[in-house]
Amino acid sequence: MSKPRAGGEHERCTFCEKPRSRVLSLIAGPPGVYICNECVELCNTLLLEELKPKNAPAQKPKRDPAKELGEIPAPDQIRAFLDEYVIGQEHAKKVLSVAVWTHYQRILHPEASRDVELEKSNILLIGPTGSGKTLLARSLARMLKVPFAISDATTLTEAGYVGEDVENIVLRVVQAANYSIEAAERGIAYIDEIDKIARTSQNVSITRDVSGEGVQQGMLKILEGTMANVPPQGGRKHPEQQYLHVNTANILFICGGTFVQLEEIIKRRVGRRGIGYGSTIGRGPDGELAPRDEEELEHVLRQVESDDLISFGMIPEFIGRLPVIGILDPLSDDDFVRILVEPRNSVVRQFKKMFELEGHQLEFTPEALRVIARRAKAKKTGVRALRSIMEEIFLDLFYDLPHREPGRCVITGAFIEGREKAQWDPLPKPASTEHRQAG
């Protein structure tokens, strides 16, 4: 065992007064003056900070987009995933799959822009109410695991007027990312009812179109890519407010709208013979599409061009920032039946699960599904009608469900039409242990 140095117990760091026994090293200076290794390290840190240039930007860790996003699936894989949630709309799913793949390839390979500038391709979805526009966008975000937010274009107004600023679109993506700016900058923003911000008139007016053309003008920069100043709490901006700075260059914007009467503009451009069917598309007094003309509407909308959207009331600069256009078809009776049973989160599967939780079984006859589909289509609100119809049908059944003995419930078309009661059968009893062993 080594002997302690003479006077070692009284030697202390002159700066922090720690004794030699509590530090790794104690450096002697002039007589009676010492400095420990900890104070040396602290002084070194202070000197480096003092010598750093005053205007030097703070060093941030280098981002790795590939690590943040992971591997982007190929277009056919994206399409296969969308098939699990969205029935039909084959053209729109193919358009979206390719557009999303190219968008995130651009983010994953920023070095490619040094030779050839890869521009962002935002997406415009055109289709009837409830045809799956929002569901397509939401399913994409779920697959890619990126922040996703929905905004309504009808609430937006030009800056300085009552309503919401266009920056609130970006704020919702930031909120979906739990205020992580880096995550938000690779997210997806879906803007619904985009056709409602069309210009109110093709003619020049002395009054400002603050919720139409003014909004389109305000959205140009964020669609193309800019450093947006976003108020953290939303609402209107004011000079003394602190802002979040979000780069929208890599945010994918998907805009959706019904664009009612757009087909008439297309018809005037191409002429009746160019349509290929030789008849006008019939809409009723309320503007709803006549059932016999759904096939023709689908064919007409596939021929949409930028000039048609400009004639509808969208400004050329706005349409130029939405180069990818996907057309969604009107839903047929067969589509409604498939939507009821096939998607992973279909309404029928959800209701069957509710019955299982109470020890029951639920079955539907093919006729019952067709009756529900016809009712939903008659409501003219698309897929959204299916849930409300099912809730109405099952109100009394769910009310009594916890008090029933376990059984098997069969839903028929006659029950849905109110002509008979639901059919309840007792569940078959499981075979006894002796019977199973004998078998």
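Trainee: Why is L125 called buried?

Mentor: Buried means under 20% relative accessible area, exposed means over 50%, and partly exposed is in between, using a 1.4 Å probe and protein chains only. L125 has a relative accessible area of 0%, so L125 counts as buried. Keep in mind that this is a predicted model, where local features need pLDDT of at least 70, side-chain atom pairs count only at pLDDT 80 or more, and totals for chains, interfaces and linings use all residues. Residues are numbered from 1 along each chain as its sequence is written, and side-chain values use heavy atoms, with hydrogens and water left out.

Trainee: Where does L125 lie, and what does L125 touch?

Mentor: L125 lies in strand β3 (residues 123-126); strands are DSSP runs of E with at least two residues, helices are runs of H or I with at least four, and both are numbered from the N terminus. Contact means heavy atoms within 4.5 Å. Not counting residues up to four places away in sequence, L125 touches L96, K133, I254, C255, G256, G257, G326 and L328. Take G257: it is 132 residues apart from L125 along the chain, yet their C-alpha atoms are separated by 6.5 Å.

Trainee: What makes D329 buried or exposed?

Mentor: D329 has 13% relative accessibility, so D329 counts as buried. You'll find D329 in the loop between β9 (324-327) and α14 (333-341).

Trainee: How do you know that the side chain of D329 makes a polar contact with the side chain of R302?

Mentor: A polar contact is a pair of N or O atoms within 3.5 Å; within protein, one must be able to donate a hydrogen and the other to accept it, and residues adjacent in sequence count only if both atoms are side-chain atoms. The D329 and R302 side chains make theirs at 3.3 Å.

Trainee: What about Q89 and Q261: buried, exposed or partly exposed?

Mentor: Q89 has 5% relative accessibility, so Q89 is buried. Q261 has a relative accessible area of 33%, so Q261 is partly exposed. Q89 sits in the loop between α3 (75-83) and α4 (90-108), and Q261 in the loop between β8 (252-257) and α9 (262-270). Phi is positive in Q89, near 50 degrees, in a residue other than glycine; for Q261, phi is near 75 degrees.

Trainee: Which residues have the most contacts inside the largest nonpolar core?

Mentor: A nonpolar core is a set of buried Ala, Val, Leu, Ile, Met, Phe, Trp, Tyr and Cys residues joined through side-chain atoms within 4.5 Å. The largest has 45 residues, and I194, M219, F259, L262, L309 and F318 have the most contacts inside it. Leaving aside neighbours within four places in sequence, M219 is in contact with L156, V166, I169, I191, I194, I197 and F318. Another core, of 31 residues, lies apart from that one and includes I87, L331, V347 and A368.

Trainee: And which residues lie nearest the centre of the largest pocket?

Mentor: G130, G132, L135, V383 and R384, out of 28 lining residues. Among the elements, α5 gives the largest share of the lining, five residues.

Trainee: How much of the protein chain is buried?

Mentor: Buried residues make up 42% of the 439 residues. The chain has 20 helices and 12 strands.

Conventions. On a 1 Å grid over the protein atoms alone, a cavity is a set of points where a 1.4 Å probe fits but cannot get out, and a pocket is an open set with protein on both sides within 12 Å along at least five of seven lines; lining residues have an atom within 4 Å of a point.
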